[in-house]
Amino acid sequence: MTDDRPAGPVPPVDPGKLKAFLDRLSTEVHAADDWGQVATYIPELADVAPNQFAISVVLADGTRLSAGARSVPFSIQSVSKVFMLACVLGREGDNIWRRVDREPSGDRFDSILLLEQEKGRPRNPFINAGALVTTDAMLANRAPKQALSEFLGFLRAAAGDEDIHIDPSVAASEARYGFRNVALANYLKSYENLHNAPELTLGTYFHQCAVEMTTDQLAMAGRMIAQLPGTPPLMAPARARRLGALMMTCGHYDGSGDFAFRVGLPGKSGVGGGILMVAPGRASIAIWSPGLNSYGNSKVGTEAAELLTDFTGWSVFS
C-alpha cells in the first residue's frame, strides 16, 4: 500500500478517508503469504488460526472506525499489563517504582538474566518479572478474586463495556505450562520483591492475562491513555503521559526500538496477537492478528500499524 498522506503539516484525519483506508488495509492484509507463528507455549493460543486480522480506531471526537474481525474476542495477554499498572498507580502512586524500574530491557519478555544481574528488581513493568511485581502490588490486602474483580471493573469502565471477561481455559492453560513465570516469581520472592505467596501472585497474573476483548473494546479502553475528550476520569493526565512513555520505550520488549522506528506511537503488544496504540490527543487504536514475529509481537499487526501511521501522520515524531 502506498503512502497517501499529503506533504507538509499533518492535517486532521477525514473519518471517511480513514474508514476507506482501513477497509483497503484489511483487504490487502488478507492477501499476505506470511502471517507469522502463533504462540505455541500456551496450548489454548496454539490452536488459534493465524490468518485473522482486525483493526479499530477511536478518534478524538468519539468517532469509531473498524475493519476486519472487529467483533472476534481474543486473549489480550500482556496488553493487560498496561491496565494493571494503571490500577496500581491509582492505588499506591509512585511507590511501585521502588520495586520495579522504568528502563527498556533489551531482552525477551520472560528472561531471568537481567533479574539476576539487578538483584530482583525488574527492568520495567511490562516484562513478565515486572508485571508479576505489579500484580503482587495489586494483591496488597486483597484476595486474588477481589484484585481481579477490581481490575476487571477498571477495564470495563475504561472501555465503557461490561461484556469483558476472563477466559478460564486460557488461565488454566497458562497455569499448567507457565514454568518460566513460576521461576521468575520464585526468584523475585528470594529477593523479597514479592510480598505474597508466589502461587497467589502467579494465579492472579495468569487470570489477568487471560482477559478476552475485541479490538473495538480495546480501542475504547485505550482512550484514557490517549487522553481523548470524554474519556472516563480514571487516570490523571500526567500519569497517562508517563504510561505512554513506558509503552513507547518498553511496550514491545526487545522489539520496542524497532516498533518506535517503524510506527512512532506508544504501543503495547501481547502474545495473543493484540497491539494497543495511542496517538496522544488524536486516537486510540487496537489491532489484532495472532501470528507473531521473531520478537513475539504481532507480525501483520506491526506491519498494519506502520501503514496506518504513514497514512495518518500520527507518529509522535511527525
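For what follows, Ala, Val, Leu, Ile, Met, Phe, Trp, Tyr, Cys and Pro count as nonpolar, Asp, Glu, Lys and Arg as charged, and the others, Gly among them, as polar. The structure above is a predicted model.

Take the second largest cavity, with a volume of about 30 Å³. Its lining consists of Ser56, Val57, Val58, Arg64, Leu65, Ser66, Asp216, Ala219 and Met220. Strand 1 (54-59), strand 2 (64-68) and helix 10 (215-221) each give two or more residues to that lining. By class, the lining of the second largest cavity has five nonpolar, two polar and two charged residues.

Now the largest cavity, which holds about 40 Å³ of space. Around the largest cavity sit His252, Gly255, Asp258, Phe259, Arg262, Asn293, Tyr295, Asn297 and Thr302. Which helix gives the most to this lining? That is helix 13 (residues 256-262), with three residues. Here the division is two nonpolar, five polar and two charged.

Next, a pair of helices. Helix 1 (residues 15-29) packs against helix 14 (residues 299-312) at an angle of about 150°, and the axes are 11 Å apart. Angles over 145 degrees count as roughly antiparallel, so helix 1 and helix 14 are roughly antiparallel to each other. Their crossing is right-handed. On the helix 1 side, the contact is made by Lys17, Leu18, Phe21, Leu22, Leu25 and Val29. Helix 14 brings Val300, Ala304, Leu307, Leu308, Phe311 and Thr312. This contact has 10 nonpolar residues, one polar and one charged.

Key. Residues are numbered from 1 along each chain as its sequence is written. This is a predicted model: local features need pLDDT of at least 70, side-chain atom pairs count only at pLDDT 80 or more; totals for chains, interfaces and linings use all residues. Side-chain values use heavy atoms; hydrogens and water are left out. On a 1 Å grid over the protein atoms alone, a cavity is a set of points where a 1.4 Å probe fits but cannot get out, and a pocket is an open set with protein on both sides within 12 Å along at least five of seven lines; lining residues have an atom within 4 Å of a point. Grid points are joined across faces, edges and corners, and a volume is the space filled by probe spheres set on the points. Helices (H or I, at least four residues) and strands (E, at least two) are DSSP runs, numbered from the N terminus. Axes are lines fitted to C-alpha atoms, for helices over the stretch in contact, and angles run from 0 to 180 degrees between N-to-C directions. Angles under 35 degrees count as roughly parallel, over 145 as roughly antiparallel, 65 to 115 as roughly perpendicular and the rest as oblique. A crossing is left-handed if the near helix is turned anticlockwise from the far one by less than a right angle, and right-handed if clockwise. Contact means heavy atoms within 4.5 Å.
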